[in-house]
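User: I'd like a close look at one part of this model, and then an account of what lies around it in the fold. Take your time with the answer.

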Amino acid sequence: MCVLLTAFCCTIYYHSASAETLKSDSYLHCRTTSALNLKPFYINDSIPWYRTDTVVAPFEYKQSALFQPFTFKAIDSVVNILLKNDSVFFSINGYAHVDEGSDTICYYLSLNRALVIKDYLFARGVDSCKLSFVKGWGNVRSIRRKTNAEILRYNCRAEIMLNYLLPPPPLAIHDRDEDGIADEVDECPDEYGEIETHGCPDRNAIVVPFINQQYSLFSVSYSVLDSVKNILSKDPSISISIAGYAHKTEGINTFCLLLAAQRADIAKRYLLSRGIAKEQIESVKGLGKKKPLNPGRNPAEINRNCRAEIFLIRH
């Protein structure tokens with residue numbers, strides 16, 4: 001611990017780590033704080049990494065002892081927060097009123113108010129590693145706030161600043177096709193794909209389109225299914241699997257699962273009605289909102305996801 005005294009205020013900094021230690025995650029809650037601008041020291045930090053709440057601990061005029069119930073109530077609320085949350089660190093500022101004595105007396109009175117709160121917090125089991133600094137501001141605020149109607153009550157106090165660590169911002173990834181796979185590991189960075197296919201679309205799928213929120217066949221659906229029927233009729237050794245899909249905007253998860261299953265089922269029933277043997281259809285399943293073909297940024301992209309897919313299986 002080192003003590004720094006100036007002509008206008010008294011500040012005590014708490015630190016016991018080297019620069020290398022400050023860089024490590026294990027020293028996250030023991031960072032040093034600047035007493036001048038109250039900005040936490042954080043190596044290479046360009047964004048706020050905490051939010052601050054202030055708890056006021058009032059004192060009697062010309063007193064720095066803790067004996068009033070309202071003062072204990074304020075400090076005990078801080079104790080509860082610090083003991084329950086390991087990610088909260090704090091600092092203490094003491095203040096005095098200009099009428100409480102000379103400048104020197106006001107400086108040390110404000111510092112004593114901050115120090116007595118510090119000692120109380122440590123006695124209650126608060127980890128000293130969470131304390132950034134203790135500072136006495138003397139009568140500086142009192143001089144600036146003479147128009148305050150309750151100036152004595154306002155300045156005979158200490159303030160405990162609670163700093164809550166904010167979660168780090170999400171890492172920005174470059175993802176041109178918006179499939180959720182970073183371009184650096186996406187083998188097809190300009191085509192929407194799945195992680196199972198390394199970011200590339202499944203080019204073996206025969207897509208049977210459907211109208212949004214419907215599972216009935218229409219002209220384009222018939223055309224695609226007829227082409228599949230011709231392939232299966234010419235080569236009975238070929239079998240197929242059918243998977244139905246829905247877009248997330250078509251309804252809730254339960255409805256999308258049902259709609260996808262109905263799309264796959266009607267494709268199967270149509271092929272059977274055209275003379276395809278049951279043995280040539282190996283599986284039929286509805287996969288709901290899984291495996292979209294695109295991000296769904298406009299109605300055209302959404303409609304492309306209203307589909308069934310048929311895969312040829314050659315034996």
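What is the relative accessibility of glutamate 178, and what does glutamate 178 count as on that basis: buried, partly exposed or exposed?

Analyst: Bear in mind that this is a predicted model. Glutamate 178 comes out at 39% relative accessibility. Buried would need under 20% and exposed over 50%, so glutamate 178 counts as partly exposed.

The backbone is worth a look too. Most residues other than glycine have a negative phi. Glutamate 178 is not a glycine, yet its phi is positive, at about 60°. As for where that happens, glutamate 178 belongs to the loop between E6 and strand E7 (206-209).

There's a second case to set beside it. Lysine 291, also a non-glycine residue, has a positive phi of about 50°. Lysine 291 lies in a loop as well, the one between strand E9 (281-286) and helix H8 (299-304). With a relative accessible area of 41%, lysine 291 is partly exposed.

Strand E6 (157-165) runs antiparallel to E4, and eight bridges join the two. If you want a pair to click on, valine 88 has tyrosine 164 in E6 as its bridge partner.

E4 itself is well tucked away: eight of its eight residues are buried. That holds for both faces, with Val88, Phe90, Ile92 and Gly94 buried on one side and Phe89, Ser91, Asn93 and Tyr95 buried on the other.

E4 also pairs with E5, this time in the parallel sense and over four bridges. Here phenylalanine 90 stands opposite leucine 131 of E5. To get from E4 to E5 the chain passes through H3, making a right-handed β-α-β crossover. Strand E5 (residues 131-136) is mostly covered too, with six of its six residues buried.

Next comes H2, which brings several of these elements together. The buried residues of H2 pack against strand E3 (50-58), strand E4 (88-95), helix H3 (103-123) and strand E6 (157-165). In H2 those residues are Thr71, Ala74, Ile75, Val78, Val79 and Leu82. Looking down the axis of H2, you find them within an arc of 145°, so they line one face of the helix. The face turned away from that buried side carries the exposed residues Pro69, Lys73 and Lys84. The length of H2 checks out as well: at 1.5 Å a residue, its 16 residues (69-84) should span 22 Å, and its end C-alpha atoms are 23 Å apart, which agrees.

Stepping back to the whole chain, there are eight helices and 10 strands. Of the 315 residues, 42% count as buried. Among contacts between residues at least 6 apart in sequence, 67% join residues at least 24 apart. As for the surface, the chain exposes about 17400 Å², and carbon and sulfur atoms supply 55% of that area.

How values were computed:
Residues numbered from 1 in each chain as written. Predicted model: local features only at pLDDT ≥ 70, side-chain atom pairs only at ≥ 80, totals over all residues. Heavy atoms only, no water. Expected span 1.5 Å × (residues − 1). Buried < 20%, exposed > 50% of the residue type's maximum accessible area, 1.4 Å probe, protein only. Arc of directions from axis to C-beta. Contact = heavy atoms within 4.5 Å. Areas by Shrake-Rupley, 256 points an atom, 1.4 Å probe, with all protein chains shown as cover. Pairing = 2+ DSSP bridges. Right-handed = clockwise from strand over helix to strand, strands pointing away.
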